Amino acid sequence: VRRLVLLGTGTGVGKTHLGSLLVRAWGERGQAAWGLKPIESGVSERADEVTDAERLWPAAQRPPGWPSHQRALRDPVSPHLAARREGVELSVDATVGWVMEAEAKLVALHDNATQAMSLVETAGGAFTPLSATATCADLARALGPAFVVLVAPDALGVLHDVSATLLALHAVGCSVDAVVLSESRPDDASTGTNSGELEENVFPRLRAAAPSLSRVFRVSRTSPDLNPLLDAWATFP
Ligand SMILES: Nc1ncnc2c1ncn2[C@@H]1O[C@H](COP(=O)(O)OP(=O)(O)OP(=O)(O)O)[C@@H](O)[C@H]1O
Ligand SMILES: [Mg+2]
């Protein structure tokens, strides 16, 4: 099993959109692939609201009786707060344990799962709190070894947001293997320029924090070519 973890520069940046495309594309290559959203807030009882867990990996494709989440939290606020309101506490160790247990069960269902994609979407942004002591960045680090993808919108402000997030992730010992720009915001004057600016202006300045980053992957609205990203993930040591 090869793990891929999705972090965001914020909430609503396109993590689920990318994750569902990756799970589907890897499956279409004839490989086992699943997408997990262990912790999700804003999960209501309403049948017309589709959860991230469902968008990532539709129930129809999951083994029967499979739990959709480790923790589905009702209120649409930060997981630490939604959990507190329900009188539960989130812990990185428990979530990592749940992911590992899920992977073990899923591997047992497949004949050859050495190249399986186990994708894990975190909640909100990289520094969204999970508890008084942990954020999504801590969860991503604890899920290692994994290919960590930072998702950001191809829009004004992204040069700052990617720089700040990469520096902060480095400070807490979480390394990022790929940056993906999504079209999760309306186009603005910067759209289309940001991948080049990240590659030529931002990454060279962040060599110490993110030595392995050189190129930016893009997932466009019209023709999402996922092959370069899938190849980078599949050949990751
Ligand atoms: N590459 C893209 N092209 C077009 N639309 C996109 C793209 N990525 C995301 N979107 C749209 O942007 C919105 C937010 O995306 P998404 O739900 O994937 O974000 P997220 O990072 O998973 O959010 P959350 O923090 O709630 O988990 C959705 O309506 C989605 O369809
Ligand atoms: Mg999401």
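Among contacts in the chain between residues at least 6 apart in sequence, what percentage join residues at least 24 apart? In this predicted model, the share of such contacts that join residues at least 24 apart in sequence is 77%. The chain is built from 8 helices and 8 strands. Its radius of gyration is 17 Å, close to the 18 Å that the globule rule gives for 237 residues, and the chain is therefore as compact as a globular protein of that length. Taken along the principal axes, the box filled by the C-alpha atoms of the chain has dimensions of roughly 50 × 40 × 35 Å. Of the 237 residues, 50% count as buried, a class that requires under 20% relative accessible area.

Rolling a probe the size of a water molecule over the atoms shows where empty space is left. The largest pocket has a volume of about 430 Å³. This pocket is lined by 26 residues, of which Thr 11, Gly 12, Lys 37, Asp 52 and Gly 124 are the closest to its centre. Three elements, namely α1 (15-28), β3 (39-41) and α2 (52-56), each supply at least two residues of the lining of the largest pocket, and the largest share, 3 residues, comes from α1. When the lining of the largest pocket is divided by class, 12 residues are polar, while 7 are nonpolar and 7 are charged.

The second largest pocket holds about 270 Å³ of space. Its lining consists of 18 residues, and those closest to its centre are Val 23, Arg 24, Ala 33, Trp 57 and Gln 61. At least two lining residues of the second largest pocket are supplied by each of α1, β2 (33-36), α2 and α4 (92-109). Here too α1 provides the largest share, which for the second largest pocket amounts to 5 residues. By class, the lining of the second largest pocket comprises 10 nonpolar, 5 polar and 3 charged residues.

Set side by side, the two pockets draw on α1 and α2, each of which supplies at least two lining residues to the largest pocket and likewise to the second largest pocket. With regard to residue class, the lining of the largest pocket includes 12 polar residues, whereas that of the second largest pocket includes 10 nonpolar residues.

Terms used: Residues numbered from 1 in each chain as written. Chains lettered and ligands numbered in written order. Predicted model: local features only at pLDDT ≥ 70, side-chain atom pairs only at ≥ 80, totals over all residues. Heavy atoms only, no water. 1 Å grid on protein atoms, 1.4 Å probe; cavity = no way out; pocket = protein on both sides within 12 Å on 5 of 7 lines; lining within 4 Å. Points joined across faces, edges and corners; volume = space filled by probe spheres on them. Helix = DSSP H or I, 4+ residues; strand = E, 2+ residues; numbered from the N terminus. Nonpolar A, V, L, I, M, F, W, Y, C, P; charged D, E, K, R; others polar. Rg over C-alpha atoms; globule rule 2.2 N^0.38 Å. Buried < 20%, exposed > 50% of the residue type's maximum accessible area, 1.4 Å probe, protein only. Contact = heavy atoms within 4.5 Å.
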